[in-house]
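Biologist: Can you walk me through this one? I have the sequence and the fold open.
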Amino acid sequence: MSTRLVSLAMAGLLGACAADRPALADLTTSLAPLHAWFDAHAGHPRVILLLSPV
Amino acid sequence: MVYVPMVPGDDRAAAAAAPGWSDARASCFWDGERLTGRTWGAAQREQVLPKLLPLLPAGSPEHEQLASWDPDMQPLWDVGWFFAADARWPADGLPPAAAWCKQFAYSGGETGANGFFRGEGETVEVAWSSWHEQFAAGMATILGR
């Protein structure tokens, strides 16, 4: 699935919130970085998308 | 956003250059080993697959493909989960999602041309839809709109 299509959908629905492109964090051996992100934003709605980058 | 290598050309450089994620609210991860798709796929196969199989015609190629799905060999992807503010990360598997969608058929991204499984609460269904519609529905669920 094209990330472009999903990003267009997100941009249209969330509105522009421009910022520098976020750095990639690697999930090389565990999901701990994702878990930490999830916990860091507790109290807010969150979305996780699994997509191919192409 | 979790990027996983699933099609030719998918690599970390492609993930770093993926369009559209210059948003202060987005965090991006590269899952080169498809840990997410394998780990959460196993949980979804156990929890969700029994609800999805009756939605597809018995004996159809789609039914057979889904019934024989091995998340370790075919990691989960093209999927979105929408979590309420009070969702907590569990000891195992995926946090409980208020809504989710999984694309299973792609035909150009146009509205109505792409097949999705979608779930909300205990309800699961097949929706011929688009990512725009699915994302809107998921966001509406977690924002209470």
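Modeller: I'll begin at a strand pairing: in E6(B), B:Glu120 has B:Thr123 as its bridge partner. Strands here are DSSP E runs of at least two residues, helices H or I runs of at least four, numbered from the N terminus. This is a predicted model, where local features need pLDDT of at least 70, side-chain atom pairs count only at pLDDT 80 or more, and totals for chains, interfaces and linings use all residues. Residues are numbered from 1 along each chain as its sequence is written, with chains lettered from A and ligands numbered from 1 in the order in which they are written.

Biologist: Do E5 of chain B and E6(B) pair parallel or antiparallel, and over how many bridges?
Modeller: Strand E5 (residues 114-120) of chain B pairs with E6(B) in the antiparallel sense, over 7 bridges. Pairing takes at least two DSSP bridges between two strands.

Biologist: Switching to H5(B), which residues are buried?
Modeller: B:Trp131, B:Gln134, B:Phe135, B:Gly138 and B:Ile142. Buried is 20 or more other C-beta atoms within 10 Å of the residue's own, exposed 12 or fewer, partly exposed in between, with C-beta atoms placed from the backbone.

Biologist: Where do they sit around the helix?
Modeller: They fall within an arc of 95° seen down the axis of H5(B), so they line one face. The arc is taken from the directions from the helix axis to the C-beta atoms.

Biologist: What comes just after H5(B)?
Modeller: B:Gly144, with a positive phi of about 70°.
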